[in-house]
Amino acid sequence: MNNHPLKFSLSMRIMHWAMALLIVAMLAAGLSMVGSLDPWQFTLLNLHKSFGIFVFILVLIRLALRLKSRLPELPKALPSWQKLAARSTHSLLYLMMLLMPLSGYLMQYFAGRPINVFDWFYLPASIEVDIQAFAFFRELHGYSALALILLIIIHVAAALHHHFIRKDSVLRSMM
C-alpha cells in the first residue's frame, strides 16, 4: 500500500505558489535596481529589504511544513539520476532561498545600515562598518541571485517536461 499522497498538501501548494510569485518579483526588483539611480530606487530598495526578511521567515515556515508533511513520490519509472537531480535541485533551491535574504541582511549589517521591516521593527546594523565584509556579502548576494534564477529555470523546465513530455503527475501534484 502506497503511504504517499498524490498531491502536496494545500498549505504546501499555497506556500509554493505564493513564494514563487514573491521570489520572482524580488529577483525582478533586485535586477531593476542594479545600477539605477532613479528616484523610485530608494522606495523599491526599502520594500526589497522588507520583503527579503518576509521571504526568509516564509522559507523557515515552508521548511517546517515540508519536514512534517508527507510528500508525493516521484514517478517510479523515473531514472535514478533524474530523481537525484530533482532532490538536488530542490535542496539547492531551499539553500538559495535562505542564502539570498541572509546575505542581503549581512550586506546591510556590515554597511552599518539597520533594516526597517515594513515600519514594524528594525533589524540591527553593525556599529562599525566593515567594507570588506560588506563587499563579500554584496558579491554573494549577487551571485546567489544568478544561481537562484538558473535553478528556477531548471525547476520550471523540469516541471514542464514532466507535464508535456513525460505526461506524468509531477506538475499536477503541485496544482
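Student: Hi! Where is the place of Lys 49?
Tutor: Lys 49 sits in helix 2, which covers residues 41–68. Keep in mind that this is a predicted model.

Student: Is Lys 49 buried or exposed, and which side chain of opposite charge is nearest?
Tutor: Lys 49 is buried and has no salt bridge. Asp 119 is the nearest side chain of opposite charge, and it is 12 Å away.

Student: Then what does Lys 49 touch, not counting residues up to four places away in sequence?
Tutor: With those set aside, Lys 49 touches Gln 108 and Ile 115.

Student: Changing topic: which residues in the largest nonpolar core touch the most other members?
Tutor: That core has 21 residues, and the ones touching the most other members are Met 19, Ile 23, Val 55, Val 59, Met 97 and Leu 148. At least two residues of this core come from each of helix 1 (10–33), helix 2, helix 3 (80–110) and helix 4.

Student: And which helix gives the most?
Tutor: Helix 1 does, with 7 residues.

Student: What is Val 55 in contact with, leaving aside neighbours within four places in sequence?
Tutor: Val 55 is in contact with Met 19, Leu 22, Ile 23, Met 26 and Met 97. There is also a second, separate core of 5 residues, with Ile 53, Tyr 105, Val 117 and Leu 123 among them.

Student: Over to the surface: which residues form a nonpolar patch there?
Tutor: Val 156, Leu 160, Phe 164 and Ile 165 do, and together they have about 400 Å² of accessible area.

Methods
Residues are numbered from 1 along each chain as its sequence is written. This is a predicted model: local features need pLDDT of at least 70, side-chain atom pairs count only at pLDDT 80 or more; totals for chains, interfaces and linings use all residues. Side-chain values use heavy atoms; hydrogens and water are left out. Helices (H or I, at least four residues) and strands (E, at least two) are DSSP runs, numbered from the N terminus. Buried means under 20% relative accessible area, exposed over 50%, partly exposed in between (1.4 Å probe, protein chains only). Lys and Arg count as positive and Asp and Glu as negative; His and the chain ends are not counted. A salt bridge is a side-chain nitrogen of Lys or Arg within 4 Å of a carboxyl oxygen of Asp or Glu. Contact means heavy atoms within 4.5 Å. Patches are made of residues with over 30% relative accessible area and no salt bridge: like charges are joined within 9 Å, nonpolar side chains (Val, Leu, Ile, Met, Phe, Trp, Tyr) within 5 Å. Accessible areas come from the Shrake-Rupley method with a 1.4 Å probe; for residues, only the protein chains shown count as cover. A nonpolar core is a set of buried Ala, Val, Leu, Ile, Met, Phe, Trp, Tyr and Cys residues joined through side-chain atoms within 4.5 Å.
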